[in-house]
Amino acid sequence: QVQLVESGGGLVQAGGSLRLACAASGRTFNTYVMAWFRHDPGKEREFVAGISVSGSSTYGADSVKGRFTISRDNAKNTVYLQMNSLKPEDSAVYYCAAGRVYGSRHNADFGSWGQGIQVTVSS
């Protein structure tokens with residue numbers, strides 16, 4: 001397992017930007033596929049974006065296409081989610097997750113999760 005802690009959330013106006021960071025503990029960060037999910041109380045938990053172990057490949061949800069970018073810095077044991085052109089419907093608790101299956105959009109393929117961080121987009 002790897003321990004994950006998110007930061008960088010908060011309140012932003014529609015059209016604005018935020019960058020989330022997920023800091024991982026341990027020495028095995030560079031062996032995990034990393035992903036971001038989000039959950040709004042009125043919806044099911046939703047996959048947002050994923051990134052390969054090396055950071056060379058990414059995949060994401062259609063709902064954030066062209067607006068969100070996932071990246072990682074293995075030297076810093078950190079994965080990021082750059083969120084631009086934010087919309088009120090992006091408001092949710094965002095979770096960082098670590099897993100073993102590149103390309104997965106499913107909760108069950110990710111064995112380690114952060115505590116979640118709130119992102120609120122006002123209109």
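These are my notebook entries on a predicted model of one protein chain.

**Ground rules.** I number residues from 1 along each chain as its sequence is written, and I use heavy atoms for side-chain values, leaving out hydrogens and water. As the model is predicted, I ask pLDDT of at least 70 for local features and 80 or more for side-chain atom pairs, while totals for chains, interfaces and linings use all residues.

**Overall build.** I looked up the secondary structure and found zero helices and eleven strands. Helices (H or I, at least four residues) and strands (E, at least two) are DSSP runs, numbered from the N terminus. The C-alpha trace spans about 40 × 25 × 25 Å along its principal axes.

**Burial and contacts.** I call a residue buried under 20% relative accessible area, exposed over 50% and partly exposed in between (1.4 Å probe, protein chains only). Buried residues make up 45% of the 123. I count a contact when heavy atoms lie within 4.5 Å. Among contacts between residues at least 6 apart in sequence, 59% join residues at least 24 apart.

**The disulfide.** How many disulfides are there? I count one, taking a pair of cysteine sulfur atoms within 2.5 Å as the rule. Cys 22 and Cys 96 are the partners, with S to S at 2.1 Å. The torsion about their S-S bond is about -85°, so the disulfide is left-handed. The bond links Cys 22 in strand 3 (residues 18-24) with Cys 96 in strand 9 (residues 92-99), 74 residues apart. Cys 22 is buried at 0% relative accessible area, and Cys 96 is buried at 0% as well.

**Asn 77.** I found this residue in the loop between strand 7 (68-73) and strand 8 (78-83). Is Asn 77 buried or exposed? Its 18% relative accessibility counts as buried. Leaving aside neighbours within four places in sequence, I see Asn 77 in contact with Cys 22, Ala 23, Ala 24, Ser 25, Gly 26 and Phe 29.

**Aromatic pairs.** I searched the whole structure and found five aromatic pairs. Rings of Phe, Tyr and Trp (its six-membered ring) pair if their centres lie within 6.5 Å; planes under 30 degrees apart are stacked, over 60 edge-to-face and the rest tilted. Phe 37 and Phe 110 make an edge-to-face pair, 5.4 Å centre to centre with 75° between the planes. Phe 37 is in strand 4 (residues 33-39) and Phe 110 in strand 10 (residues 110-113), so this pair ties together parts 73 residues apart in sequence. Phe 37 is buried at 0%, and Phe 110 is buried at 3%. Phe 37 also pairs with Trp 113: the centres are 4.9 Å apart and the planes at 50°, so I note the pair as tilted. Trp 113, in strand 10, is 76 residues from Phe 37. Trp 113 is partly exposed at 26%. One aromatic cluster takes in Phe 37, Phe 47, Tyr 59, Tyr 102, Phe 110 and Trp 113.

**Charges over rings.** My test is NZ of Lys or CZ of Arg within 6 Å of the ring centre and within 35 degrees of the ring normal. The charged end of Arg 45 sits over the ring of Trp 113, 4.6 Å from its centre. Arg 72 lies over the face of Phe 29, at 4.5 Å from the ring centre.
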